[in-house]
Amino acid sequence: MDATATVTPFSTLIRIASHEQHTEAETSTFMSDLLGGRLGVDAYTRYTEQLWFVYRALEEGAQTLRDDPVAGPFIQPELMRSAELERDLLHLRGPGWREGLEPLPATAAYAARVAECARTWPAGYVAHHYTRYLGDLSGGQIIRDKAEKTWGFERKGDGVRFYVFEEIANPAAFKRGYRELLDAVNADDLEKQRIVEECKRAFALNTAVFRELGEVFPLSA
């Protein structure tokens, strides 16, 4: 970090600055209904489909950023989720799971923004990487637990593979290490502020996906 860097660790700044957007995403009507067991497995399946489009953009972008001085340190193979999502979709939709698979408009916009950052702005890509993968390691485990109990998936089995990080033995230690990478990110204070703003944008894009899913699966009761 340069001499002008703030005393507050960047990982703390980014968490505090995006707290409001994070809470809005977590407490969306769709996610509340899903976690409350008020929606069927078809809603969970549709949500998993949307995740696949976002993670495909994230992980295709990762291939080109491995040697980037800003984003490169964050590209860690144990985080990659596309293969697990595809196993889940095979279980949920069957062998022809790709047939007719379309992103919702909000999902398409989200994936496009991730891909754009990967191509043109590695620091912006870090914001999307952070909001997704650290969320998966944390709140994602609540979704896995609910899905297993609500729809009878085998514990950590097909249908919830996305939430199972088999190569991360100690998630708490891994998250500490990830935050240390954020604190040491190769960016000046102005660029860090832009990363924070992109992090907020990432949560807003995610919330828009939840909003559209809520329109597809409104509760009739």
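**View 1. Surroundings of D158 in a predicted model.** Leaving aside neighbours within four places in sequence, D158 is in contact (heavy atoms within 4.5 Å) with R87, D88, H91 and F153. The model is predicted, so local features need pLDDT of at least 70 and side-chain atom pairs count only at pLDDT 80 or more, while totals for chains, interfaces and linings use all residues. Residues are numbered from 1 along each chain as its sequence is written, and side-chain values use heavy atoms, with hydrogens and water left out. D158 lies in the loop between α8 and α9; helices are DSSP runs of H or I with at least four residues, strands are runs of E with at least two, and both are numbered from the N terminus. With a relative accessible area of 29%, D158 is partly exposed; buried means under 20%, exposed over 50%, and partly exposed in between (1.4 Å probe, protein chains only). L85 is 73 residues from D158 in sequence, but the two are 9.4 Å apart in space, C-alpha to C-alpha.

**View 2. D33 in helix α3.** D33 is found in helix α3 and counts as buried, at 9% relative accessibility. Apart from neighbours within four places in sequence, D33 is in contact with R38, L39 and L219.

**View 3. The largest nonpolar core.** A nonpolar core is a set of buried Ala, Val, Leu, Ile, Met, Phe, Trp, Tyr and Cys residues joined through side-chain atoms within 4.5 Å. The largest one has 68 residues, of which F30, Y47 and Y125 touch the most other members. Helix α4 (residues 41-65) gives the most to this core, with twelve residues. Not counting residues up to four places away in sequence, Y47 touches F30, M31, L34, R132, I143, Y163, F210 and L213.

**View 4. Helix α6 and its buried face.** Helix α6 (residues 105-120) has 16 residues and reaches 22 Å from its first C-alpha to its last, close to the 22 Å expected at 1.5 Å a residue; the expected span is 1.5 Å times one less than the number of residues. Its buried residues are A106, T107, Y110, A111, R113, V114, C117 and A118. Seen down the helix axis, these fall within an arc of 155°, so they line one face of α6; the arc is that of the directions from the axis to the C-beta atoms. The face turned away from the buried side carries the exposed residues P105, R119 and T120. The cover over the buried residues of α6 includes α4, α7 (122-137) and α10 (189-216).

**View 5. The largest pocket.** On a 1 Å grid over the protein atoms alone, a pocket is an open set of points with protein on both sides within 12 Å along at least five of seven lines, a cavity is a set where a 1.4 Å probe fits but cannot get out, and lining residues have an atom within 4 Å of a point. Grid points are joined across faces, edges and corners, and a volume is the space filled by probe spheres set on the points. The largest pocket has a volume of about 680 Å³. Of its 32 lining residues, H22, E26, G135, G139 and F203 are the closest to the centre. Helix α7 gives the most to this lining, with six residues.

**View 6. The largest cavity.** The structure holds one cavity of 30 Å³ or more. The largest cavity has a volume of about 50 Å³, and its lining consists of Y47, Q50, L51, V54, T107, Y110, R132, N206 and V209. The largest share of this lining, four residues, comes from α4.
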